[in-house]
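Please have the sequence and the 3D view open as you read.

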Amino acid sequence: TYPNYPYTLAELIKQRQPDHRSFKESELWYVLYALAAAKHDIAGRVKKVGDIKPENVFVNEEGQAKIACQYSWPD
């Protein structure tokens, strides 16, 4: 996958569940922004983004995100 992005959003959600810690509003807005930016980046090349789900959103230590879909995989 992305070597500098060792976590998936799904893993981060599971880590927070035992403590009942919710994401901050700013974190949720950032995820939505990253999804919209990814769609915008490939909009001219494909009509449909594909299956975007928490398992396909990769996050690094700084909180930056990359999104993998059928059109970006494995690149």
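This is a predicted model: local features need pLDDT of at least 70, side-chain atom pairs count only at pLDDT 80 or more; totals for chains, interfaces and linings use all residues.

Residues are numbered from 1 along each chain as its sequence is written, and side-chain values use heavy atoms, with hydrogens and water left out. The protein has two helices and three strands, taken as DSSP runs numbered from the N terminus (helices are H or I with at least four residues, strands are E with at least two). Along the sequence they follow the pattern β-α-α-β-β.

**Sheet and helix**
- The three strands make an open, antiparallel sheet in the order E1-E2-E3, where pairing requires at least two DSSP bridges between two strands.
- Strands E1 (7-8) and E3 (65-67) are the edges, each pairing on one side only.
- E1 and E2 (residues 57-59) run antiparallel and are joined by two bridges; Tyr 7 has Val 59 of E2 as its bridge partner.
- Helix H2 (residues 25-42) lies across E2 and E3, at about 40° to E3; axes are lines fitted to C-alpha atoms, for helices over the stretch in contact, and angles run from 0 to 180 degrees between N-to-C directions.

**Burial, surface and contacts**
- Of the protein's 75 residues, 27% count as buried (buried is under 20% relative accessible area, exposed over 50%, partly exposed in between, with a 1.4 Å probe and protein chains only).
- The protein exposes about 5,800 Å², and carbon and sulfur atoms supply 54% of that area (Shrake-Rupley method, 1.4 Å probe).
- Among contacts between residues at least 6 apart in sequence, 55% join residues at least 24 apart; a contact means heavy atoms within 4.5 Å.

- Arg 16 belongs to helix H1 (residues 9-16), and counts as buried because its relative accessibility is 18%.
- Leaving aside neighbours within four places in sequence, Arg 16 contacts Arg 21, Ser 22, Phe 23 and Glu 27.
- The second largest pocket has a volume of about 230 Å³, the space filled by probe spheres set on grid points joined across faces, edges and corners.
- Of the 13 residues lining this second largest pocket, Leu 12, Arg 16, Phe 23, Glu 27 and Val 59 are the closest to its centre.
- A pocket here is an open set of points on a 1 Å grid over the protein atoms alone, where a 1.4 Å probe fits, with protein on both sides within 12 Å along at least five of seven lines; lining residues have an atom within 4 Å of a point.
- H1 and H2 each give at least two residues to the lining of the second largest pocket.
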